[in-house]
Amino acid sequence: MTDSEREYMERYIYEAVRKVPKRQRKEMEMELRELIEDMSETRPMEEVLLKMGSPKDFAKQYREDSGYIIGPEYYDDYLWVMKVVLICVESSVLLSGIIEILLHEGIYVELFGKLTGNLILAGIAAVGAVTLIFAVLQRRKIRVEINEKKKWSPEKLSPIPVKKARISRGDSIAGIVFLVLFSALLAFAPQLFSAYSVKGEELQYVSIFNLEKWELILPVFLLSLFISLTDEVIRLVVGRYCQIVMISNLIANTLQILFAVILLKVLPFWNPEFPEKVKTMYQLTAEDRGFQFLLKWNLEFLSNLFLVLICITALGEIAVTVYKTLRYGKSS
Amino acid sequence: MEDEKETLSNLVSELRRGTLILSVLSQLKDAKYGYALVQSLEEKNVGIDPNTLYPLLRRLEKQGLLNSQWELEGSKPRKYYKRTIQGDKIYKALKQHWTELTENMERLVGEDAR
């Protein structure tokens with residue numbers, strides 16, 4: 001074997017070996033070296049490597065794992081959810097961008113650039129989030145299937161869910177659309193959640209959220225919405241009340257309450273100047289009913305109210321899911 | 001025409017794929033290293049691509065039909081494969097099936113000749 005032939009062999013081995021999992025590499029390298037050296041005793045290296053085929057294909061045969069993130073059984077749902085989420089995200093980013101451009105007179109180029117950037121960022125984030133959720137589902141499903149594969153019999157076919165055991169696709173979709181729209185608005189246009197007033201030509205607004213601490217609040221907020229989104233996607237994909245749906249729902253709603261406590265009670269969630277500024281903005285006096293209203297509805301009260309509402313919703317949802325699962329979803 | 005050729009060659013390789021395991025098992029009563037196995041198959045007009053053979057050997061070893069051993073003495077390290085006792089048993093049974101299969105296939109394909 002000439003030096004240049006040896007060089008080609010090493011290149012081939014290097015290319016092939018790095019495409020298989022680490023634990024297989026050493027063994028594969030030894031095997032390949034043995035084989036190529038043997039083959040090259042009777043013919044030139046070029047011919048040997050041509051016969052072996054491309055290192056990529058060679059390595060592919062060696063791989064033991066499936067080699068995909070989203071398998072065929074999830075692919076349709078994946079594409080579908082992806083479409084819904086992308087449309088929601090991009091349209092709300094577009095909407096908030098247009099509103100921002102209308103509110104700020106002047107440097108349109110800058111705002112336009114920001115909007116373009118946001119559109120790209122939001123698209124990437126949406127694709128990432130949906131892929132992540134489905135990749136996790138895929139892994140779980142693989143494990144579930146391996147367990148079931150051992151002994152399959154026709155009795156294992158779960159009965160067609162009675163109407164009450166089905167989870168309406170429409171509900172799941174409505175949930176997903178709402179969560180995605182809300183997340184996108186929170187991320188790209190939190191100032192939309194404000195009290196507004198028009199003074200002559202000028203539009204005034206006071207944000208209800210604490211935008212100065214927003215970079216601290218937003219991630220927690222989005223994480224909590226992401227958990228709900230995961231729960232909704234699981235409901236959509238499974239499509240019936242069963243153990244997986246119940247467990248996912250229990251976890252998601254428990255976390256929801258936890259996040260609500262963190263957001264509303266630990267983090268400075270509300271804009272502390274909101275009551276004061278609203279008072280100034282609407283020029284309220286002590287006799288006005290609006291002023292009385294603001295006095296009564298202080299931020300502490302608002303936090304508690306929301307917390308109670310969130311707890312009731314979460315517990316209610318858990319109760320419904322557990323009830324329906326136990327009542328109708330036993331067979332699975 | 002080109003399409004026809006490609007379809008045919010795909011079908012042929014599909015047909016041969018099922019026979020590979022039996023071919024490989026048949027040659028491994030005594031220990032052989034990879035390339036020696038390729039050669040002994042080629043001598044008998046059974047060609048096999050290395051990129052099919054090596055993963056196949058690995059799979060058969062995992063299923064317990066073959067065992068392998070690195071021979072580190074000699075001019076260079078070589079990995080030798082050999083049928084296990086279980087491999088012998090399976091090989092014998094597979095051979096039985098093969099005989100039946102070929103007889104049945106002969107009959108089926110032979111209908112055309114009549």
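Helices and strands are DSSP runs, of at least four residues for helices and at least two for strands, numbered from the N terminus. These legends describe a predicted model.

Figure 1. Along its sequence, chain A runs through the pattern α-α-α-α-α-α-α-β-β-α-α-α-α-α. Its elements amount to twelve helices and two strands. Chain A has 332 residues, of which 39% count as buried.

Figure 2. Four helices and three strands are found in chain B. Read along the sequence, they give the pattern α-β-α-α-β-β-α. Of the 114 residues in chain B, 31% are buried.

Figure 3. A:Asp231 belongs to helix H8 of chain A, which covers residues 214-238. A salt bridge requires a side-chain nitrogen of Lys or Arg within 4 Å of a carboxyl oxygen of Asp or Glu. A polar contact of 3.1 Å does, however, join the side chain of A:Asp231 to the side chain of A:Asn249.

**Figure 4. A patch of negative charge on the surface of chain B.** The patch gathers B:Glu2, B:Asp3, B:Glu4 and B:Glu6. One of these residues, B:Glu2, lies in helix H1 of chain B, which spans residues 2-26. B:Glu2 has a relative accessible area of 57% and is therefore exposed, the cut-off for this class being over 50%.

**Figure 5. A nonpolar patch on the surface of chain B.** B:Trp98, B:Leu101, B:Met105, B:Leu108 and B:Val109 form this patch. Together they have about 480 Å² of accessible area. B:Trp98 is located in helix H4 of chain B, made up of residues 85-110. The relative accessibility of B:Trp98 is 37%, so this residue counts as partly exposed; that class lies between the limits of under 20% for buried and over 50% for exposed.

**Figure 6. B:Asn45, a residue other than glycine with a positive phi.** The phi value of B:Asn45 is near 65 degrees. B:Asn45 sits in the loop of chain B between helix H2 (34-43) and helix H3 (50-62). With 74% relative accessibility, B:Asn45 counts as exposed.

Technical notes: Residues numbered from 1 in each chain as written. Chains lettered and ligands numbered in written order. Predicted model: local features only at pLDDT ≥ 70, side-chain atom pairs only at ≥ 80, totals over all residues. Heavy atoms only, no water. Patch = residues over 30% accessible without salt bridge, like charges linked within 9 Å, V, L, I, M, F, W, Y side chains within 5 Å. Areas by Shrake-Rupley, 256 points an atom, 1.4 Å probe, with all protein chains shown as cover. Lys, Arg positive; Asp, Glu negative; His and termini not counted. Charge placed at Lys NZ, Arg CZ, Asp CG, Glu CD. Buried < 20%, exposed > 50% of the residue type's maximum accessible area, 1.4 Å probe, protein only. Polar contact = N/O pair within 3.5 Å; in protein donor to acceptor, adjacent residues only side chain to side chain.
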